[in-house]
Amino acid sequence: MDDLVEQLAKAGFTEYEAKVYVALQRCSPATGYQIAKESSVPRSTIYEVLGKLIARGAVVTQSFGDMVRYAPVPPDLLLDRMRHEFEDTLDELSDGFKRVTATPVAPGQTWNIAGRDNILAQAREMIERAQSEVAVAVGDDDQLDDLLTWLQQARSRKLTLTVVSPVPYDAGGLTVVVHPHGEQLRHALGHGLTLVVDGREALIGEVDRSESAAWTTNSYAVAWTLWCLKQEMAKKPAPKLPRRSRKA
C-alpha cells in the first residue's frame, strides 16, 4: 500500500489524499471518522482532504440524513481520466511552446545531469532518437536491467548495437559482449554507465551512488568515449604464462 501512496504522490496527490484514496479501497463506503482511522490521517483534517478528493473527481458521496459516507471512484476510471487530462495538458503546452521563440542549444557543449531517474530518462531519450548506432558499457548488470527494454526496441529498429557487460547477461536475444576483465571493469566503473549514440552524443556517469552524469555533444569527447569503449571490447585476457621453477 505504501507503494500506491508513493505512486499517487508522483501523480500529483498530496500524501494525505493518497492515503485516504488507498484506504477507501479497503473500506467503502465509510464515514469520515472510519476513513481517518483506516488511513491514519488526522481527524482534524480528514474532511478537508475528502473535499479535495471530491473536487478532484476521485471520491463520491452518499447522504443518509445527517450522515455522509464516502466511496472512491474506481481506480480504472480515475486513472483513465487523469491520463486524458494529463495528455490534454501536454498538448496545450506543446502548442504554447511552439509559439515561443527558443534559443537554439549550441553544439559541442557538456551538461551535468543529477538524479538516477533523470539520468535514465536521458539515456532513454538518446536511445529512442538514435538513427544508426548505440554503444553502451556498464559496470554492473543492474544498469542493463534499466536499459534493456529500450535497447531491445533499438534492435527491432535494425540499429547497430554494442553492449558491454562485466558479467554474462541474458538479454533475450540481444547480443551482450562480456568484458574479458569483467571484475576489473566492475571495480573501475562500479555503477557507472557509458552510452554513445550515433557518434554524436555521449552520456557518462554513475546511475547509483553519486547519481550524477555528464551529457555531451562535444565531437572530440564523444569520439574519444566511443574509441575507449570499443578498445575495451577488443581487449583479450592476458595469456597464462608457465610458472618458472626456482633453481635450487
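Select Phe86, Leu90, Leu93, Phe97 and Val100: together they form a nonpolar surface patch with about 520 Å² of accessible area. Areas here follow the Shrake-Rupley method with a 1.4 Å probe, and for residues only the protein chains shown count as cover. A patch takes residues with over 30% relative accessible area and no salt bridge, joining nonpolar side chains (Val, Leu, Ile, Met, Phe, Trp, Tyr) within 5 Å and like charges within 9 Å. A salt bridge puts a side-chain nitrogen of Lys or Arg within 4 Å of a carboxyl oxygen of Asp or Glu.

This is a predicted model: local features need pLDDT of at least 70, side-chain atom pairs count only at pLDDT 80 or more, and totals for chains, interfaces and linings use all residues. Residues are numbered from 1 along each chain as its sequence is written, and side-chain values use heavy atoms, without hydrogens and water.

Stay on Phe86. It sits in helix α5 (residues 75–98). Helices (H or I, at least four residues) and strands (E, at least two) are DSSP runs, numbered from the N terminus. Phe86 is exposed, at 52% relative accessible area. The cut-offs: buried is under 20%, exposed over 50%, partly exposed in between (1.4 Å probe, protein chains only).

Next, go to Ser28 and Pro29. A cis peptide bond links them, with omega about -5 degrees. Pro29 is in the loop between α2 (15–26) and α3 (32–39). Most peptide bonds are trans, and most residues other than glycine have a negative phi.

Now select Asp198, in the loop between β7 (192–197) and β8 (201–206). Its phi is positive, near 55 degrees. Asp198 is buried, at 14%.

Finish at Glu211, between β8 and β9 (212–216). Phi is near 50 degrees, again positive. Glu211 is partly exposed, at 31%.
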